[in-house]
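Dear colleague,

I am handing over the structure that follows, together with an account of what was found in it. Please read the notes beside the coordinates, and keep the conventions in mind as you go.

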Amino acid sequence: MSVYGGRSAASPGARTNGLAVAGLVCGILGLFFLSFVLGPLAIIFGAIALRQKTGSLGMAKAGLILGIVDVVLFIVLLAVVASGGFSWYVGG
């Protein structure tokens with residue numbers, strides 16, 4: 001049990017990279033909204049965070065990968081719409 005104002009469990013040298021967090025958030029949101037904007041942003045933020053090598057490399061990699069998935073998903077959906085799309089027929 002810790003006392004108010006006592007030492008935290010985190011080490012003093014462990015810091016979260018803000019760009020890694022931004023890349024991860026943009027990558028996750030890009031799966032659902034505005035993938036043509038948030039996907040490239042996630043790629044940029046994740047790549048910059050990986051180059052800094054300060055901390056949160058897992059988040060930076062995840063943001064980079066999700067950004068790539070967002071862009072690929074947008075291109076696939078764009079191709080489906082351009083080819084006439086698909087239709088659902090329900091009924092008799």
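At what angle do helix α1 (residues 18-30) and helix α3 (residues 57-82) pack, and how many Å apart are their axes? They pack at an angle of about 30 degrees, and their axes lie 8 Å apart, where axes are lines fitted to C-alpha atoms, for helices over the stretch in contact, and angles run from 0 to 180 degrees between N-to-C directions. The two helices, α1 and α3, are therefore roughly parallel to each other, a term that covers angles under 35 degrees.

On provenance, this is a predicted model, in which local features need pLDDT of at least 70 and side-chain atom pairs count only at pLDDT 80 or more, while totals for chains, interfaces and linings use all residues. Residues are numbered from 1 along each chain as its sequence is written, and side-chain values use heavy atoms, with hydrogens and water left out.

The protein holds three helices and zero strands, with its elements running α-α-α from the N terminus on; helices (H or I, at least four residues) and strands (E, at least two) are DSSP runs, numbered from the N terminus. Of its 92 residues, 21% count as buried, meaning under 20% relative accessible area, with exposed over 50% and partly exposed in between (1.4 Å probe, protein chains only).

To return to the helix pair, the residues of α1 that meet α3 include Ala20, Val21, Leu24 and Ile28, and among their counterparts in α3 are Met59, Ala60, Leu66 and Asp70. The residues of this contact between α1 and α3 divide into nine nonpolar, five polar and one charged; Ala, Val, Leu, Ile, Met, Phe, Trp, Tyr, Cys and Pro count as nonpolar, Asp, Glu, Lys and Arg as charged, and the others, Gly among them, as polar.

Leu34 lies in the loop between α1 and α2 and has a positive phi of about 45 degrees although it is not a glycine, whereas most residues other than glycine have a negative phi. At 51% relative accessibility, Leu34 counts as exposed. Ser35, by contrast, belongs to helix α2 (residues 35-52) and counts as buried at 12% relative accessibility. Leaving aside neighbours within four places in sequence, Ser35 is in contact with Gly30, Pro40, Asp70 and Phe74, contact meaning heavy atoms within 4.5 Å.

Technical notes. Parallel < 35°, antiparallel > 145°, perpendicular 65-115°, else oblique.
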